[in-house]
Amino acid sequence: MLQQLGGPGSSRPGVAAYLLAEMYERLTEPCTFIIDDWQAVSSVTEVRGLWNQILRDAPPTCRFIFLSRARPQLQFARFKTHGGYAGIQTDALRFTDREIDHLFRDIYNDPLDPTELVELERRTEGWAASLQLVEVSLRERKTPDERRAFINSITATTDSDLFAFLAEEVLDQQSEQVRNFLISTSILQQINAELAERLAGVQDGAGILSDLEQRGLFTNRLDADEARYRYHGLFRDFLERRLTSERSEGEVTGLHIHAASYFETHEQWPQAIHHYLKAGLTPQAARLIARYGEDVVSEGRLGLVDEWLQQLPAKAIRDNARLSLLYGEACGIRGDWDNALVALSRARSFFAKKGDPRMEALACLKTSTVMSNMGQVEGAAEQAVLGLRLAPPDAFATRLRLNGNLAITSTWMNGPLHAVAHELRRIAVEAKSRGLEHFAAIALHNHGMLLRQIGDLDGSLKSLEQATRFWSDLPASPFADNAELVQSLLYRDDTARAERLANAGVMSTLPWARPQAEAQYGRAAVLNHQGRFEESAEVLRHVLADPAALGATAEIGSGLLIESLYLGTADVLELREVLMNLAAGPSDPRQALVMAPARAIATHVSTECRGQCLDEARVLEEWDRRGAALLTAVGLVKLGVLALEHHGARARQLSRLAIARARAVGVHRYLRWWLRRYATHATWIVEQDRGIEAMLSFAEADPDGWRGTIAEMVDSLTGEAREAAVAFLASHGTVETAAALRSTRSQDIGDLRRALISKHAPSLFIRSFGAIVVHRGSWLGQTSSIEKRRMRALLALLVANYRSTLTREMALDILWPESDPSSAINSLNQAVFQLRRVLDPSFRDGESPQYVLSTVDALQLNPAHTVTDLDQFRRIADELGGESGDPIDRTAALVDIVRGEFLAELRYEDWAIRLRTAVHAEVRNVLLPIAMGSGNASSDTAVRAACALLELDPYDEEAQLAMARQLDASGRRAAARTAILRFAKRLKDDLDERPSGELAAALAGWVSPRT
């Protein structure tokens, strides 16, 4: 085209004019231009001028999409003021975790499990290109372990497609200065202008960073005030690999030393330590860790300190008491108990010899925490008491933590639990007031755990959520296992959120054995709550494969494994093995209330139990007296299941108590798998005081578990109990319930059956515009074939009288006008019966939903189970003037309904002519204004409305003119001209009519050249 215009010498206005003329002539249908890689030409003045002219004068049929790494500097103002402009920024293009889940599940047909989803979102940050490359690689990996290993390995490596993309499409396209800047600053986790200038040797670091962000080069600004930036994780991985491959080891080390020196000068110790370690300068790193490590720990970043310590020589740690103190605490969080206690003892001895009671008290505190996590409650309490004796009055943080340890050890075991809760709350408040957020979070975590045992679920969730919120804002943290919050959410039956948090906890705690076990315990608890008992057991088996590092977590993990096995496979041999391991391992007395039901179950199943399992009830009684009301009730429900399998007064009394306590605490959904086991004893339950109330409260929370039981026994109930059971089945019964009640002849059960059949019947959706079609379940559902002419005529008559009364006499006069009365009545009855059989192939009178209502006087489609397109048209038309819903969507839906003439296949039936004429007039009154462009209809909807009217009457001049005008207004002038010429010809050929004045004027305007 440029050559036709005269080649390179052609002017930009001339090229634009030629392009616009061609667009007006050829682009009569809606079209979209996509201009990719705009950043490659954005700096060319002539190109920008050309596009500004095109954007200003292009036909209305054209839309333009610019794809660019930099914001296009074009004249979009006109579009913005008329609502014709939309911009999508980098953040909006990132996939959220839900969008990633949808992408892999529904688009790629390769669903991710929750842990894969969490890790993939973290590593890719929702970058679409990397997600697509990941999906291709995941196809080749079939087993869960292979998939998980691949996701965990995702980096921008030199042998990946991602590396090639970043190299060819991003880095190699940059100027040498920008390329050097990116590679030199790749060692930084956060970048600021001053440090970037030092490392890259440039003058305007702030300008370069701002330009990188503006151009979308995987650079994000973290704050407005300090102007800190970060590179996308995968992009930084790629840049670091380029750095190490292109520069010498000495140059890379030099960059880290420069960075470490800068951060130390600016008192940013964690960053300084990171770069000293990267540079291999462990003495300098050790010096800073020893001096500032406790400050980092107090911020909740013990995991980071642990990571540093693992890079130091063992001798450096042994020879430094402060490092030993940090090392002992880090070992304790990992579950490396022996090394933890040795290191802490060594540190304490040093501080004692030095006469430093402040640091010696801190060593006692850390030792107390380690022993508490091991389950050694008495030893932990003794260390806490000793620490309080040593700690000076102004050691506020240490004293608070020591008091917290006393609360969760000595007071927990010897005092009322409400007193423990009060003390933990006090500690949390004071810690927060002193700015000790991490220590406040620990106190709130323990407070929330305790409140759940007491039965204050609202308070439990509030405290645990505050603690979780603090730790989730940190990088990977050993405290972010989320297990306790997961448990409290499960008590509330908030399974979806519990599952998300459990999976997040698993990913956050991967480097630490004991926190990872606690997170996996939370995940297993979710699976157990969902009824996925074997999956829960498998998770717990994996966790318990190496119990030495787990401390008290091993005990509660074994308890949950026992419960999963009992509710699932009930493998006696495995239960016996778990019980033996429990007896041989250490026991935390604080877990006695949780472990009592598990020990009872294992005893009951794996031995010849003669009631010994019920001895664990004494443990529950003790903790109940001390205030653990909710956890006691939960334990009683589990023991009650075992008691029902024994005989004797003691067993029955325990079962009655369990039922009463379960009804009182109201966590039926949490307990549903246990309460279902009571269903086999429903007759006995009903005989107890308020037994029917208890049973129905369980059933309301778990209809699937109790529906069949109540259906079996309802006919044996009397009075209010029977009424309540019938009401439950009416609310929660199914088609299967109705079938189960078939043999019962009583009136109330018969009414119940009919109500259930009607309630669960699929609706029929009947189209009457065009051919009559019946869809089952939805407008897109399976169709029912109606072949007999009289049945189709009867259905059409019922549709036409959907909201009015159709008497039997009217139906007889219309469908069998010449038959004698008795023959006509018989024909009508047969037609109704056959139509019912077609609409419901399994139809049995009294056993099936009534789609066609028939009385001695009238016939009607049942509005509770049928929907007609005509009735839907009227309903939407009535709503068009209302305030609810989107009027544009409603208008489009209205137009879609009209797919031809009303009762088209009965156009030659005399009785249908009057109905059709009335319906067509009604439809025209609604659609013609839409076709003319009034209201909220788009031009496309207006054209479709005109086409629908022409389906009803191909000679409707107003509809034809409206369609042509809408085509013309939307830029489809040629289509408008063709349509109006074709209509005029049809009038002449079919009706021998000349065009009206309005039509003739339209012909003149569209056929003649535009002046």
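Visitor: How much space lies in the second largest cavity?

Guide: This is a predicted model, in which local features need pLDDT of at least 70, side-chain atom pairs count only at pLDDT 80 or more, and totals for chains, interfaces and linings use all residues. Residues are numbered from 1 along each chain as its sequence is written, and side-chain values use heavy atoms, with hydrogens and water left out. A cavity is a set of points, on a 1 Å grid over the protein atoms alone, where a 1.4 Å probe fits but cannot get out; its volume is the space filled by probe spheres set on the points, which are joined across faces, edges and corners. For the second largest cavity this is about 60 Å³.

Visitor: Which elements give two or more residues to the lining of the second largest cavity?

Guide: Lining residues have an atom within 4 Å of a point. Here they include His445, Leu464, Thr468, Trp471, Ala483, Glu484 and Leu485. Helices are DSSP runs (H or I, at least four residues), numbered from the N terminus. The elements with two or more residues in this lining are H26 and H27.

Visitor: How many residues of helix H27 are buried?

Guide: Buried means under 20% relative accessible area, computed with a 1.4 Å probe on protein chains only. The cover over the buried residues of H27 includes helices H25, H26, H28, H29 and H35, where contact means heavy atoms within 4.5 Å. Helix H27 spans residues 483–491, and the number buried is nine of nine.

Visitor: At what angle do the axes of helix H47 and helix H49 cross?

Guide: Two packed helices are described by the angle between their axes and the distance between the axes. The axes are lines fitted to C-alpha atoms over the stretch in contact, and angles run from 0 to 180 degrees between N-to-C directions. H47 (residues 869–879) and H49 (residues 910–931) have axes that come within 11 Å, and the crossing angle is roughly 35 degrees.

Visitor: Which residues of H49 make the contact with H47?

Guide: On the H47 side, the contact is made by Leu870, Phe873, Arg874 and Ala877. The residues on the H49 side are Val919, Glu922, Val923, Val926 and Leu927.

Visitor: Is Leu243 buried or exposed?

Guide: Leu243 lies in helix H13, residues 233–246. Leaving aside neighbours within four places in sequence, Leu243 is in contact with Ile183, Ser186, Ile187, Val252 and Leu255. Because its relative accessible area is 1%, Leu243 is buried.

Technical notes
Buried means under 20% relative accessible area, exposed over 50%, partly exposed in between (1.4 Å probe, protein chains only). On a 1 Å grid over the protein atoms alone, a cavity is a set of points where a 1.4 Å probe fits but cannot get out, and a pocket is an open set with protein on both sides within 12 Å along at least five of seven lines; lining residues have an atom within 4 Å of a point.
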